[in-house]
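Here are my notes for you, point by point. Keep the structure open next to them as you read.

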Amino acid sequence: MKITERKLLNTFVLFVLLAGIAFLAGCTQTKPDLKKLEPVSFTAVHINDAFWAPKIETNRTVSIPSAFHQCEINGRIDNFALAGGLIKGEHQGDFPFDDTDVYKIIEGAAYTLAVKYDPDLDAYLDSVIALIGVAQEPDGYLYTCITNKCERLRPWYGAGKWARLNSHELYNCGHLYEAAVAHYQATGKRSLLDIAIKNADMVDILFGPGEGQQKEPSGHPIIEMALVKLWRVTGENRYLKLAKFFIDETGKCTDGHRPNAYSQDHMPIVDQDEAVGHAVRLGYLYSGVTDVASLLNDTALIDASKRVWENVVSKKLYLTGGIGALAQGEGFGPNYLLPNMTSYCETCASIANVYWNYRLFLNNADSKYYDVLERTLYNGLISGVSLSGDKFFYDNPLESNHTHERAPWFGCACCPGNVTRFMASIPGYVYATSENTIFVNLFVGNYAEIKLENKTINLSQKTNYPWDGKVEIGINDPQGSDFDLRVRIPGWVNNQVVPSSLYQFLEPVKEKVIFRVNGKKVNPQIINGYACFYREWDMGDKIEIELPMKIRKIVANENVASDIGKIAYQRGPVVYCFEDKDNNDGWMFDTYISPNAQPSEKFESDLLGGVETFTINGSKIENGEKKDISLKAIPYYAWNNRGAANMVVWVPDSEKHLCPYNSDGIETKATPSGSFDFVIGLNDGFEPYSSTDLDKPYYSWWNKKDTSNWVEYSFDEPTALTQTDVYWLILDHYDGNYRMPESWKLQYKTCDNVWVDVTTGDDFRLEPDKYNTVKFEEVTTTAVRILAKFQPECSAGILEWKVK
């Protein structure tokens with residue numbers, strides 16, 4: 001249903017929030033004259049460069065319409081109409097949190113309306129919001145799968161309303177609030193905001209420290225920072241107190257709730273010092289924690305946020321800025337576990353990582369947080385959407401062997417909607433202010449109107465960043481006043497890959513940043529990574545910055561086993577990869593590059609929307625012989641825009657560090673299946689180097705702790721077999737450890753389809769870090785299977801399974 005076109009009823013107000021960002025009121029800890037850091041509204045920043053402007057416009061014209069279309073054809077919007085009694089039928093979708101897909105896209109659409117008004121989009125949002133309104137129950141409850149009595153999803157939500165918070169009821173509320181605030185501030189309309197307030201008032205009655213109120217953390221965090229946004233718009237202190245309540249409930253054990261790491265409530269926030277559990281939930285939770293801690297001046301909470309951040313940046317951060325190494329539980333692994341081909345790095349987790357680092361910066365005014373933010377932004381986040389804007393990655397691996405492609409949508413479609421709302425908000429990350437100070441945090445071509453204490457400053461940036469290190473900041477209308485301008489110096493300029501020893505440049509760069517004011521070289525004071533310029537500015541004053549831009553070689557900390565003997569490449573903030581499309585469609589896993597090889601860079605305007613590439617000499621092993629070759633690299637974010645591909649970020653530095661590969665075994669022609677039905681890695685041909693080697697795909701009986709489980713190979717034709725070789729997985733995991741089983745055996749299927757044990761005199765050995773080989777009397781069969789009896793309270797997995 002399309003509502004008649006309407007003009008904006010009110011002049012839209014300047015945003016004081018952007019996607020996922022709340023004002024922080026904590027005092028800076030760097031200088032006493034910097035009191036409160038605040039964002040510059042993204043509506044005040046007008047991006048006009050060649051890098052971000054096209055991407056933001058593609059988000060407006062392609063990604064948002066495409067995502068709304070997917071919500072329509074997949075029943076997301078019909079679910080609201082069904083809950084409101086406007087249509088009859090069955091609730092659609094596989095997950096109870098599908099409502100949030102609609103909320104997130106509304107939020108992104110609202111941001112675009114504020115920047116570029118579109119009457120058709122405005123009317124469409126009115127129509128969708130009308131459906132949301134009729135779906136809301138009289139007391140404010142809004143969760144369509146329960147209102148629609150969807151029995152199919154009862155395993156998620158349990159006995160009924162609020163019975164299982166991990167079913168995402170409060171997560172739905174949080175995304176509703178964020179969409180409502182965005183829509184209200186973009187259009188001045190209260191339609192969605194009133195729905196959100198009604199819901200929040202109900203939540204405030206049901207949850208809290210009072211007698212008879214439900215006392216649990218939120219299950220899937222996001223409501224914490226969403227309540228802060230709602231508080232800022234309404235001034236209702238109840239919402240800020242409720243956000244603090246959910247944070248304080250983290251780690252408490254009650255009659256109805258048992259703490260667990262997956263939901264980020266395994267221990268009280270103030271006691272945490274390591275990133276564990278679900279990566280998106282951690283990023284959202286600590287964004288909310290930082291919001292609340294800054295507003296309430298809670299040093300214990302902010303210290304906890306910084307401790308966990310230190311753990312991530314020093315031991316659990318990918319070079320691309322991605323977080324969350326494991327597919328199991330979409331979460332963090334042990335310290336330094338950073339596999340490449342199996343890396344998860346969910347797109348939503350990268351967005352959450354940006355939210356978290358931005359809030360920490362606003363609390364502390366330290367450039368190190370922006371170093372992580374920029375790395376994530378230019379690499380692991382925008383890799384989540386295709387250059388065309390209509391396909392998305394859920395996870396973002398650092399290697400692929402033709403097994404990974406973007407898709408238009410997912411059954412669990414959290415990432416596409418999240419991308420639409422984030423991309424529209426990027427202008428708000430460029431600047432920040434503190435009384436009489438402007439922080440220049442990102443180098444993006446733009447013009448901006450920035451409000452300080454009693455004046456508005458018109459600034460501009462001219463730059464071709466990230467391809468060129470030259471940046472010109474123009475003071476276009478200073479209103480005859482003095483103010484402090486602080487320009488971030490990226491950590492990579494000062495030979496720091498990230499703010500820790502997790503990664504290092506192989507060769508230091510001697511060139512320094514060059515600063516000029518009105519053409520004259522200057523040496524500004526540096527405070528917390530910012531070059532400080534304080535003077536009375538005149539119309540036409542210019543600050544010129546020259547950042548040294550060259551291809552840099554990077555090595556990982558020796559504790560990162562997956563990257564031992566490998567090199568990665570970076571130029572400016574951009575991480576590079578080698579994709580087969582640029583390298584004769586070749587296999588990329590028999591290739592290495594000497595540390596002494598020197599790259600030759602080139603800007604290619606007609607490739608992948610215009611990118612800086614480089615070529616470098618390398619070697620390839622073919623049929624046991626070394627062959628000299630030339631390799632070409634592209635920015636990591638741009639890979640998989642030309643179809644499925646072999647791709648690597650970390651390249652071996654010598655032949656000895658190549659991963660052994662064998663694709664000739666009988667098992668490579670088998671079809672695998674298992675009692676945990678997501679079966680990968682068993683027969684991919686990549687040889688593990690230890691039982692803890694998760695770098696290449698592997699099979700796990702995730703979250704299964706039954707007495708016995710199985711995995712099977714089936715063959716198209718009867719096959720003669722006499723031997724099996726099994727390489728067992730060992731993994732410490734917050735959701736339950738993976739250990740070698742207590743025992744195992746091998747069975748084959750007879751012609752009568754009966755499973756029979758093989759006959760052998762060998763022991764079914766259980767030894768780590770090697771293949772466990774069993775020879776048996778020859779059988780001819782169409783299927784074999786392993787039956788494994790697990791250790792108590794443990795799961796198990798297999799890195800590679802061969803048969804001969």
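1. One term before we start: a residue is called buried when its relative accessible area is under 20%. Cys150 has a relative accessible area of 7%, so Cys150 is buried. Cys794 also counts as buried, at 11% relative accessibility. Bear in mind as you go that you are looking at a predicted model.

2. Now, how many disulfides are there? The structure holds zero. A disulfide is a covalent bond between the sulfur atoms of two cysteines. The cut-off used here for a disulfide is 2.5 Å between the sulfur atoms.

3. Next, find the open sheet of six strands. Going across, its order is E1-E4-E5-E9-E14-E13, and the pairing is mixed. At the edges you will see strand E1 (38-39) and strand E13 (525-527), each of which pairs on one side only. Helix H14 (residues 367-381) packs on this sheet, where it touches strand E9 (482-488) and strand E14 (530-536). The direction of H14 makes about 50° with that of E9.

4. Let's walk along some of the pairings in that sheet. Strands of a sheet pair through backbone hydrogen bonds, either parallel or antiparallel. E1 is antiparallel to strand E4 (residues 431-434), with two bridges between them. Here Glu38 is opposite Thr433 in E4. Further along, E9 and E14 run antiparallel and are joined by seven bridges. Leu485 has Phe533 in E14 as its bridge partner.

5. E13 and E14 form the hairpin, with two residues between them.

6. Val517 is the residue opposite Lys520 in E12.

7. Is strand E31 (residues 797-803) enclosed or open to the outside? Seven of its seven residues are buried, so E31 is largely enclosed by the rest of the structure. Strand E26 (residues 699-700) pairs with E31 in the antiparallel sense over two bridges, and Ser700 stands opposite Gly797. Strand E27 (residues 708-728) is also antiparallel to E31, this time over five bridges. In that pairing, Asp725 is opposite Lys802.

8. On to the rings: the whole structure has 54 aromatic pairs. Take Tyr141 and Tyr143, whose ring centres are 6.4 Å apart and whose planes meet at 75°, so they form an edge-to-face pair. Tyr141 is buried, with a relative accessible area of 1%, and Tyr143 is buried too, with a value of 1%.

9. Another edge-to-face pair is Phe361 with Phe439, with ring centres 5.8 Å apart and planes at 85°. Phe361 lies in helix H13 (residues 347-364) and Phe439 in strand E5 (residues 437-440), so this pair ties together parts that are 78 residues apart in sequence. Both Phe361 and Phe439 are buried. They also belong to a cluster linked by ring pairs, whose members include Tyr284, Tyr355, Tyr358, Tyr370, Phe422, Tyr429 and Tyr530.

10. Finally, look for charges over rings. The charged end of Arg406 is placed over the ring of Phe393, 4.2 Å from the ring centre. Arg552 does likewise with Phe505, lying over the face of the ring at 3.7 Å from its centre.

Note on methods:
Residues are numbered from 1 along each chain as its sequence is written. This is a predicted model: local features need pLDDT of at least 70, side-chain atom pairs count only at pLDDT 80 or more; totals for chains, interfaces and linings use all residues. Side-chain values use heavy atoms; hydrogens and water are left out. Two strands pair if DSSP finds at least two bridges between them. Helices (H or I, at least four residues) and strands (E, at least two) are DSSP runs, numbered from the N terminus. Contact means heavy atoms within 4.5 Å. Axes are lines fitted to C-alpha atoms, for helices over the stretch in contact, and angles run from 0 to 180 degrees between N-to-C directions. Buried means under 20% relative accessible area, exposed over 50%, partly exposed in between (1.4 Å probe, protein chains only). Rings of Phe, Tyr and Trp (its six-membered ring) pair if their centres lie within 6.5 Å; planes under 30 degrees apart count as stacked, over 60 as edge-to-face and the rest as tilted. A charge sits over a ring if NZ of Lys or CZ of Arg is within 6 Å of the ring centre and within 35 degrees of the ring normal.
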